[in-house]
Amino acid sequence: MAATTSEEQSALFPIFILTIMALPLVPYTIIKLFRSASEKTTSINCQCSVCFRSGKYRKSIFKRISNFSTYSNLTLVLLWVIMAVLVYYIKHISSEIQVFEPFSILGLEHGASDSEIKKAYRRLSIQYHPDKNPDPEAHTYFVEYISKAYQALTDPISRENFEKYGHPDGRQGLQMGIALPKFLLDIDGSSGGILLLGIVGVCIILPLMIAVIYLSRSSKYTGNYVMHSTLYTYYVNMKPSLAPSKVLDLFIKATEYRDIPVRRIDEEPLQKLFVLVRSELNLDLKNIRQEQAKFFKQYPGYVKTELLIQAQLTRETSELSPNLQNDLRRVLELAPRLLEELMKMTIIPRNPRGHGWLRPAIGVVELSQCLIQAVPLSARKSVGSTEGYAPFLQLPHFSESVVKKIARKKVRTFKEFQDMRPEERTELLTQVAGFSPAESQDVEKVLEMMPSISIDITCETEGEEGVQEGDIVTMHAWVTLARGNGLIRALPHAPYFPIDKEENFWLLLADSVSNDVWISQKVSFMDESTAITAASKAIQESKEGSGATAREVSIAVKEAIEKVKKGSRLVMGKFPAPAEGNYNLTSYCLCDAWIGCDAKSNIKLKVLKRSRAGTRGGVAADDVLAVEDGIEEDEEEEEEEYDDYESEYSEDDEEVKDPKNKGAVTNGSADNRNHDSSSDGSRSDDED
C-alpha cells in the first residue's frame with residue numbers, strides 16, 4: 001500500500017506544476033489578447049498607393065509571422081505547449097492508476113459466492129502463480145493483486161470492511177503527502193548530494209542570478225527604456241537658445257546610438273553616403289576636405305548615426321547596404337523614445353518659477369516631424385516671401401520641382417493648397433504638375449488623413465474674479481482634432497518610416513518673449529476610454545470644488561464625455577501667478593508626426609497686485625477692460641518685435657498679426673480654430 005500511495009503522490013506532481021503555471025499564464029494571455037484586439041481597432045493606416053507599395057501595412061503571411069515572432073510571444077506559445085503536454089500526461093497517468101477492486105481483479109461480479117471466488121482464484125493461480133509462471137511480473141501481480149483480492153473476499157472481517165468502507169483494512173485516515181516525483185522521494189546516499197545540489201541550484205541560485213542580471217540591466221534604463229546616461233547627456237547639453245538645426249547634433253549623442261556597432265565593411269558605404277548628404281550637414285562646404293576629416297574624427301557610433309539619419313531625411317535609404325539598412329531600422333526604432341525624452345529635457349523646470357524652454361522644444365518637435373515624414377531639415381527654410389516646401393514633401397508623389405510648378409499658379413503656401421476645393425486641386429495637379437488621376441487621388445487621401453487642431457483655453461483662479469500675484473492659476477484647455485475623413489484615431493501617413501508611429505501632440509503654454517514654457521503636457525487621441533475617465537474625473541472635481549450641485553456636476557460630466565467622443569481632449573494644469581503685470585502668452589499644440597498641422601492661439605493674462613490685507617482688490621471687469629485698452633497699442637508693438645513661434649526654418653504668417661486672432665483679454669482665454677504649422681507660421685531666426 002505504501003508503494004501505491006507513493007505513486008499516487010507522484011502523479012499529483014504534474015497537476016501541481018500545471019496549477020502553478022496556469023495561475024499567471026491564463027490572465028496574462030487574456031490581457032495580451034485584449035490589448036492586441038484593441039490595437040487592431042484603433043490602428044487605421046493610410047490607404048494611399050505609396051503606403052501600400054512600401055509594404056509597411058501589407059497583411060502578408062510573412063509579415064504577420066515576423067510581427068508575431070517576438071521573444072514574449074514565442075515564450076508565451078512555448079509555455080502553452082508545455083501546459084498542453086502536462087494536461088495530456090495527467091490524463092494518461094490518471095487512467096493508469098487503478099483503485100483496488102477485488103471483484104474486478106478476480107474477474108467476478110459483485111456479490112459472487114465463496115465457491116465462485118475459490119474457482120476464480122484457482123484459475124488465476126494456474127496462470128500467475130510463481131510455480132506455474134516464472135515471469136517476475138506475473139509473480140508481482142499474483143502477490144500484489146490476486147492474493148490480496150482473494151484474502152479480502154474470503155476473510156469475513158476484510159470483506160465486511162470492504163463492503164462498508166471500500167477498503168479491506170477498514171476506514172482509511174487522512175493521508176498527507178508531497179506532490180513530488182518518486183525519484184525525489186527515494187534518495188540514497190550516492191545520488192542524494194547531487195540531487196540536493198541540483199534542487200538548490202535550480203530553485204535558489206538560478207532565480208537569484210536572473211534577478212541580479214535583470215536588476216543590473218534595468219538600473220541603467222528609465223521607465224521609457226531610455227538609458228540614464230542618455231538623459232544626463234541631454235540635460236547637461238541642452239541650451240535655452242538651441243536652434244532647431246542644432247537639435248539633431250544633440251539628439252544623436254544618445255548612449256544607445258554610441259553603442260551601435262561600426263564594422264569595417266561599413267567604411268566605404270558611409271563615405272559614399274557622406275557625399276550624398278553633406279549638403280544637409282552643418283559643414284563649411286568651402287573647406288569640405290578639412291570638414292570631412294573633422295567630421296569622421298568624431299565617435300564612430302555618432303558619425304554612423306548622423307549619416308543614417310540624414311539618409312532617412314533625404315530619402316537616400318535605397319543606396320544603403322543590407323547591413324546599414326538594418327542599422328537604420330534600429331536607429332529609427334529608438335528615435336520616438338529618445339525624442340520624447342529629449343522633449344522632456346527641454347520643458348523640465350530650469351528656473352525658480354519652474355519654467356522650461358520653448359525654442360529647443362519646438363526644435364525637437366520639428367526634428368520628429370522630419371524624421372517620420374522623411375523630409376530634410378533644409379526644406380523648412382523660407383525663401384524670400386514664400387514659406388518652406390517641407391509640408392508639401394509629406395504628400396505622395398510630391399517633390400521640390402512639383403512645388404515650384406504649382407507655385408507659378410499662385411499656390412505658394414501649404415494652407416492655400418489645403419483650402420482649395422478637391423476639383424481645383426485635381427485640375428492643378430493633373431494639368432500643371434502632370435499627375436495622373438490615381439496620383440491625385442492619393443494626394444486627396446493623405447489630405448483627408450491630416451489632422452486639424454483647434455484649442456479652446458482658459459486661465460483663471462477658481463472661485464475668484466481676476467488673477468492676483470501669488471494665486472494658483474488653473475488652465476483648462478480643450479484640444480479638438482478633426483480630419484477630412486471623419487476619423488479620430490489613425491496612424492499618420494509615413495511610408496518612409498519603417499515602424500508604426502502613433503500621432504502624439506504636445507500642448508505648451510509659453511511666453512515666447514522670455515522663451516519660457518509655463519505648462520506642458522503630452523496629448524494622445526488614440527485611447528478614448530482613458531481620456532473619458534480623466535476628463536470625467538477632472539470636471540467632477542472642478543465642479544464640486546466650486547460648490548456646484550449634483551445635477552450640475554452630472555450635466556457637466558456628460559458634456560465632457562460627449563466632447564471626448566467627438567474628438568476633444570481635456571488638458572488641465574496649474575501654475576502660480578507671476579508678479580503684477582500683463583503677460584502675452586501663447587498656447588501651442590505641436591504634432592510630432594505631421595508637418596503643417598500645429599496649432600497655436602494667443603492668450604493675454606493680466607495679473608493684479610495683491611492687496612495689503614491679503615484680500616482681493618475687487619476690480620470690476622469694465623475697469624480691467626479700460627486698463628487693457630490703454631496698453632493695447634504697446635502690446636501690439638511688442639508682438640511685432642517678438643516671434644510667437646520661433647523656428648529657424650519658418651517665417652511669420654500675416655494671420656498671426658491679425659487682431660481678430662488675439663483672443664479674449666480680461667479672463668485669460670482664447671479660442672483659435674485656425675492651425676499654423678511650424679514651417680508656415682513663424683519668422684525666420686537663424687542662429688549659427
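Helix axes here are lines fitted to C-alpha atoms over the stretch in contact, and angles run from 0 to 180 degrees between N-to-C directions. Helices (H or I, at least four residues) and strands (E, at least two) are DSSP runs, numbered from the N terminus.

Now the ground rules. This is a predicted model: local features need pLDDT of at least 70, side-chain atom pairs count only at pLDDT 80 or more, and totals for chains, interfaces and linings use all residues. Residues are numbered from 1 along each chain as its sequence is written, and side-chain values use heavy atoms, with hydrogens and water left out.

The overview, quickly. The protein has 26 helices and ten strands. It has 688 residues, and 42% of them count as buried. Buried means under 20% relative accessible area, exposed means over 50%, and partly exposed lies in between (1.4 Å probe, protein chains only). Contact means heavy atoms within 4.5 Å. Take contacts between residues at least 6 apart in sequence: 72% join residues at least 24 apart.

Next, a helix pair. Two packed helices are described by the angle between their axes and the distance between the axes. Helix α17 covers residues 322-347, and helix α18 covers 358-373. Their axes come within 9 Å and cross at roughly 165°. That makes α17 roughly antiparallel to α18, a label for angles over 145 degrees. The crossing is left-handed: the near helix is turned anticlockwise from the far one by less than a right angle.

Who makes the contact? From α17, it is L332, A335, L339, L342, M343, T346 and I347. From α18, it is P360, A361, V364, V365, L367, S368 and L371. Twelve of these residues are nonpolar, two are polar and none is charged.

P360 comes up again with N515. N515 sits in the loop between β5 (505-511) and β6 (516-523). At 14% relative accessibility, it counts as buried. Leaving out residues up to four places away in sequence, N515 touches P240, G356, W357, L358, R359 and P360. Its side chain reaches the backbone oxygen of P240 at 2.8 Å.

Last stop, S529. This residue lies in helix α24 (residues 528-545). S529 and I561 are 32 residues apart in sequence, and 9.7 Å apart in space, C-alpha to C-alpha.

Key:
Angles under 35 degrees count as roughly parallel, over 145 as roughly antiparallel, 65 to 115 as roughly perpendicular and the rest as oblique. Ala, Val, Leu, Ile, Met, Phe, Trp, Tyr, Cys and Pro count as nonpolar, Asp, Glu, Lys and Arg as charged, and the others, Gly among them, as polar. A polar contact is a pair of N or O atoms within 3.5 Å; within protein, one must be able to donate a hydrogen and the other to accept it, and residues adjacent in sequence count only if both atoms are side-chain atoms.
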